[in-house]
Amino acid sequence: MKMKFTFWKAVFLLVVAAGAYGTYVRFFHGLGASTNLSDQFPWGIWIGFDVLCGVMLAAGGFTLTAAVHILNIQRLKPIVRPTILTAFLGYVLVSVALLFDLGRPYNIWHPLIMRNPHSVMFEVAYCVMLYTTVLALEFSPIVLERFNLQKPLKVVKAVLIPLVLLGVILSTLHQSSLGTLYLIMPTKLHPFWYTPLLPVFFFLSAIAVGLAMTIFESSMSSKHFGRELELPILQELGRVLLVVLTVYGILRLEDLGHRGVLGQIFISSYEQRLFLLEIALALVLPLILLSLPKVRQTPGGLYLAAVSVVLGFITNRLNVSITGMETAAGLHYIPKWTEIAITGAIIAVGFALFAAAVKYLPIFPEHKPITASEEPVLVKAPVLSHAGD
Amino acid sequence: MSKALLYDATLCIDCKQCEAACAEQNKLPYDDTIAKEEKQSEHKFTAVLSHGDKYMRRLCMNCQDPACVSVCPVAALRKTSAGPVIYEASRCMGCRYCMAACPFGVPKYEWGSLNPKVRKCTMCPERVLAGRQTACAENCPTGATKFGERDDLISEARKRIQDNPSNYIPHIYGVEEVGGTSVLLLSSVPFEQFGYRTDFPSDALPLRTYRVLSRIPDFIPLGFVMLGGVWWITHRREAVAAAEGKAAVDSSKEQNQ
């Protein structure tokens, strides 16, 4: 077997090795030794990035299946499979990250039998659990086709539409509920982000990020898997993204004004700078790029807008879950290297699994074999580590 | 009727008997070093803070409608009708949402443990259920910490302020904060000096999440019907177009674009 040793392969191995050591520290020496969490700051990047951003970045799954199977926009069909793959991997990795963060991970099944329907976390747990199952079923035809298992394939296809409906409903619920989680903290979260509309904002931004991630992914796959770029499809997604961002932007502005926080935008503070960064990346830059038809129609312009949206809403999730809480906690939280190493390793494994799936399963419509020089993990890895900044 | 504690800081002499009694009751270590720690932690559920010759206790407020209880996905935390907010470690999966949600920052965590528990004052539930006082109240030599019916204690606190207005700031902490708490505080200096925030809303925090969660049962069937309806329309349109021939398909495609 030929193994080509490249720079990015080395980086990948290094990240996974660091993650493996971090895993040892976490499970043999506890949360105290492996994180910079404290009684004042009980949630760090494993919740703020791995879970909140992870679920958000996987939102393409429900957005695209709804567009194709419910709205019947058949033109989008060629990109449904890679999107479902991303979503499925995303949710599996979110669950893995959760095992690191939970103090008693072996009790993760407890919500199944110990219920508290008043808890947002309980609802999120159920939705994520059920939706991961739905995604596994939505993904299963790809595997069943690969091994030519006609009978189970027929069964899955027969229940596909109810499955898609269920998936969209579950996603709507838990994407918004991740925002609802923070409604209980009016005394802790900075007013830039604390609003009764948090669930609405989380849901709308999940759709925006779902679309942006789909554009991002298609662009990346066309570059690195030697595929043709589905430009007309991406242009259409770009148009919808423009609409979603506009609605989100208007609501967000309305909400800030209504709560009388608009004035604070002009007063220099730690939160103000982070807020402006978020708004610039998530709204201002992509809205400008996408409203110029000349930019919107080029692959480069679309790609830039998509990356900006993704980075902008990652900033938003981190602001809600981490930076917006720091003043009330009276400290600055900076993740320990082990927290970052484990997050990095989870992302790297995600890319490796994606690449393996593309290689061995009929993910893309015209399934072309890839050559060694186009080793996907290695080329793509730096982009994502950048997205995690 | 629920039980409560009234702590009157003007009667406190900083003897720390409450701390020692609490440690003994909860089987926690207690010595001179721990006595000097002026904060709650995984090994210290109540602390007497000093600010010159003014003192203030910190402990779990055992809220009337506690955020920690409402957020716990596995119901490991519960508010008993007698007052105490109790914790059942065997249910806990360690999500720490209780810690994130508590407006007073009370629940502490055993960060160094591989089987960590949430630690906090639980208002001596065994004692209270047996009709006894909490350990801290029983051992207070000056009556600064008093155990009793919440309503009675509120009336008594009002009376103390009324009888001696120059001795107190005119506020009973815990009557209204986040919907009321089972620990009530009286002080001669502003509560902020001891880290008690006075900008809390007077409505119980769980209402804010419940307002959203309570809509879910309606949303699910509605969502199914609406999405199913859209599916039916879009696919029916396709079927009709197919039936009407290729020309119709082409025109509908153009329309869609």
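The model is predicted: local features need pLDDT of at least 70, side-chain atom pairs count only at pLDDT 80 or more, and totals for chains, interfaces and linings use all residues. Residues are numbered from 1 along each chain as its sequence is written, while chains are lettered from A and ligands numbered from 1 in the order in which they are written.

Chain B holds 10 helices and 9 strands (DSSP runs numbered from the N terminus: H or I of at least four residues for helices, E of at least two for strands). Its radius of gyration, taken over C-alpha atoms, is 27 Å, well over the 18 Å that the globule rule gives for 257 residues, so chain B is more spread out than a compact globule. That rule is 2.2 Å times the number of residues to the power 0.38. The C-alpha trace of chain B spans about 95 × 45 × 35 Å along its principal axes.

Now to chain A. Helix 9 (residues 198–224) of chain A packs against helix 13 (residues 299–329) of chain A at about 135 degrees, with the axes 8 Å apart. Axes are lines fitted to C-alpha atoms, for helices over the stretch in contact, and angles run from 0 to 180 degrees between N-to-C directions. Helix 9 of chain A is therefore oblique to helix 13 of chain A (under 35 degrees is roughly parallel, over 145 roughly antiparallel, 65 to 115 roughly perpendicular, the rest oblique). By class, their contact has 14 nonpolar, 3 polar and no charged residues (Ala, Val, Leu, Ile, Met, Phe, Trp, Tyr, Cys and Pro are nonpolar; Asp, Glu, Lys and Arg charged; the others, Gly among them, polar).
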